[in-house]
Amino acid sequence: MRTHARAVVIGGGVIGCSILYHLTKLGWTDVVLLERDELTSGSTWHAAANIHGLHDSTNISRIQHYTMQLYKDLEAETGQGCGVFQPGSLYLAQTEAREHQLRLQEAKARYYGMNFHEVSRDEAERLHPLVDFDGVRCIMFEPEGGNVDPSGVTNAYAMGARAAGAEILRFTPVTATVQQPDGSWIVETPKGEIRTDWVVNAAGLWGREVAALAGIELPLQPTEHQYFVTETMAQIAGLDRRLPSVADRDGEYYLRQEGHGLLIGAYERDVRFWAEEGTPLDFAHDLFPDDLDRIEDNMMRAIDRVPAVGEAGIKRVINGPMIWSPDANVLFGPHPDLRNYFCCNGIIPGFSQSGGMGLMAADWITTGESRYDMFAWDVARFGKWADKAFTKARVEDQYAHRFAVHFPGEERAAGRPVRTRPVYETQKALGAVFGLNYGWEHPAYFDAGTPDSAGFTRQPWFDSVGKEAKMLRDSLGVIDISNFAKYRVTGPGAEAWLNAVFANTMPKSVGRSCLTPLIGVRGGVAGDFTVTRLAPDEFWVIGSGMAERYHQRFWAMVPLPEGTTFEALTEAYCGFNIAGPSSRKALQTLTNTSLKTEAMPFMRAAWMDVAGVTCLALRVSFTGDLGWELHCATEDQSRLYGALLAAAAAEGGGPVGSRALMSLRVEKGYGSWGREYSPEYWPQEVGLERLVKLEKDFLNKSVYLQIKDEVPREELMLVHVQDVEAADASGGEPIFLPDGSPVGRVTSGTYGYSVGMSLALGYLSGVAPGQAVDVMILGRPHRGVVLAEPPFDPRGERLRL
């Protein structure tokens, strides 16, 4: 057994073996995998192991597509069979919403060169003669869909890794992981200890227990999951080919061929949790008692669709555990609270994602960042607020609605509220309908008489949001921005540290603010921030609230100078944006500080008294309109809110929610972190290159210098979608030229209420302003034109009034 390694992977399931394999492919051959039992123990060995390429998330689709292509290459490389069957997969839509989802995925597949297309009923019946397609609105076919052998795939990864020099130790449980002062780790086992640069937690069902060895908690909860395999069916035994799998998600079951029978699995509404207080250490290749009554409704729907199932006997039932995160996505990436500790836990579609997940993990570990933006998977998307009660409630909801259509901007009620601020009850009384942002409840819109709903088409709250947006543009609005991340940096080295972190030069004068990008490890935009100098040795930094823990990693990359402190203030301070043409008049009634442009120009800041509340006021607004951000101590939030609303009402204004803010900022062409701003995109592609100052050093400058003169691969542009009746773009829709050539994709879409235009903000390549394009809203082409400038206040005059 080695005593030193560059990385130690804990867990010998398919994901742990894939990470080990991909580390060796990227040149790290001095690596070790530790497995407490036999390879595939836990949830790997009993998985149904279906594979499919398409996902609602573009980057996850790319990862799944890579995984599907990898398995045959892995067989050729190692000689180990992966049991790859790819007879294709049929996707059925029984509802309009499912049809919209499938047509959008078809458009994405065309954009990315993946094979996923619509087939007629006649063709579908030829492909799968046992299926009754009555009531099906739309049928898509993925020729590469199918399944693999769990043990074969896992062992192929293991063989490939061993051949490259990795060591795999079975029956070697980890008993302790101890971080050293230099950031390295000692991993203890009954066979000895290993000193390593990186620990990788890929422990599957034991992910919580392994995390606890390092002093952290992961929001994970196992459930039971059942599928069954029928006896041999004469209709299948007589065929000379393998039948495609069937994804009838409206029926809440999945179905594929297994031998000469069918394998049918279900995600039932009657969820069964398991191991709530911890996974038993002696659990390995074990199963739970059969409980088919629990999935009877799902089974009956499967029989309705494939009547032959009702005549077949059941050969075996598999009832085994799966471990879930609160949103059913993997907890992925370096843990923000530790150095060199990588998480890869809570994977559900493991065999569709194993290859891509292993590649992204190896990427991140060896280079400091994955090649794709994987924030949808990032462990940093959850904080300590995601406790056991929240996790259990969300997992129950995710399991029971596993096959539901998940709409853009959908808000799920399970486990909420978990974090609220003092004005929460006041906002409820004002009719607020809430969304969730990094655990915080925040108003989406103010009209309790119109309940929230989600869909691909315009929803009933469309007009309510429009009234708020128009109110702000015509008079003023008050927007709760408390969930913005807020930080304070103080001390003699504050300016030097901030200049070493951020690409822009920090303000020299007290009371001035600047916008600045944070450059990622590969030269992309890892964040955008407003930095304000409040004193010679004090700065405030404001950024994306949902990225607070994500950015924690970047703060740790630059050591703080002696005597300098960095403090997170997001919980201690709240904020409101008062914006619109009447905002100055309304706010001036609450303060003795002059708000005239000469006294407080755009991008200036000062402490001021507002209705008896001490506030940090920044002359800036994400709405693109005249406005101020006001930040106050949390205990003063209610008093400030009441005063602002009263002053706003006197001018015909009122509260405004986040959905109206989305419309307002897209009308102005403003990007948002997590949508337009991402480490995948270079500053010159998002229009931020002018904020990168090369006369100083900053984090990842050397990498930026390598790409700064590169021609933008794509550019952030705004499209006016003219051919729209019932739906607007929401994000993710491909964009084509009228001749069918792919040219881009939408990152944010909305209706611009104050300009009367359906708008799509996104990345395009090879197109010019005025050019016609087709935006694939609902998966169908909607004619649009590329705009030369944002439709609202293109010269920024309202901001500077």
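Trainee: At what angle do helix H1 and helix H9 pack, and how far apart are their axes?

Mentor: H1 (residues 14-25) and H9 (residues 350-367) pack at about 45°, with axes 8 Å apart. Axes here are lines fitted to C-alpha atoms, for helices over the stretch in contact, and angles run from 0 to 180 degrees between N-to-C directions. The model is predicted: local features need pLDDT of at least 70, side-chain atom pairs count only at pLDDT 80 or more, and totals for chains, interfaces and linings use all residues. Residues are numbered from 1 along each chain as its sequence is written, and side-chain values use heavy atoms, leaving out hydrogens and water.

Trainee: Why is H1 called oblique to H9?

Mentor: Angles under 35 degrees count as roughly parallel, over 145 as roughly antiparallel, 65 to 115 as roughly perpendicular and the rest as oblique. The angle is about 45°, which makes H1 oblique to H9.

Trainee: Which residues of H1 meet H9?

Mentor: Val14, Ile15, Ser18, Ile19, His22 and Leu23 in H1 do, and their partners in H9 include Phe351, Leu359 and Ile365. Contact means heavy atoms within 4.5 Å. The residues of the contact of H1 with H9 comprise 10 nonpolar, seven polar and no charged. Ala, Val, Leu, Ile, Met, Phe, Trp, Tyr, Cys and Pro count as nonpolar, Asp, Glu, Lys and Arg as charged, and the others, Gly among them, as polar.

Trainee: What makes H1 roughly parallel to helix H5?

Mentor: The axes of H1 and H5 (residues 150-163) cross at roughly 30° and come within 8 Å. That angle makes H1 roughly parallel to H5. H1 passes H5 in a left-handed crossing. Among the H1 residues that meet H5 are Cys17, Leu20 and Tyr21. By class, the contact of H1 with H5 has eight nonpolar, five polar and no charged residues.

Trainee: Why is Glu167 called buried?

Mentor: Buried means under 20% relative accessible area, exposed over 50%, and partly exposed in between (1.4 Å probe, protein chains only). Glu167 has a relative accessible area of 17%, so Glu167 is buried. Glu167 lies in strand S8 (residues 167-169). Not counting residues up to four places away in sequence, Glu167 touches Met1, Arg2, Val31, Val32 and Leu33.

Trainee: Why is strand S22 largely enclosed by the rest of the structure?

Mentor: Five of the six residues of S22 (residues 485-490) are buried, so S22 is largely enclosed.

Trainee: How do you know that S22 and strand S25 pair?

Mentor: Two strands pair if DSSP finds at least two bridges between them. S22 and S25 (residues 538-543) have six bridges, in the antiparallel sense. Lys486 stands opposite Ile542 in S25. S22 also pairs with strand S26 (residues 565-568), antiparallel over four bridges. In S26, Glu567 is the bridge partner of Arg488.

Trainee: Which strands make up the closed barrel?

Mentor: The closed barrel has six strands, in the order S32-S35-S34-S33-S36-S37, with antiparallel pairing. Neighbouring strands of this sheet are turned by 45° against each other on average, direction ignored. Six bridges join S36 (residues 772-777) to S37 (residues 780-786), and Ile777 stands opposite Arg780 in S37.

Trainee: Which strands does helix H3 lie across?

Mentor: H3 (residues 96-112) lies across S33, S34, S36 and S37, running at about 60° to S33. Helix H17 (residues 658-667) lies across S32, S34 and S35, at about 125° to S34.

Notes. Helices (H or I, at least four residues) and strands (E, at least two) are DSSP runs, numbered from the N terminus. A crossing is left-handed if the near helix is turned anticlockwise from the far one by less than a right angle, and right-handed if clockwise.
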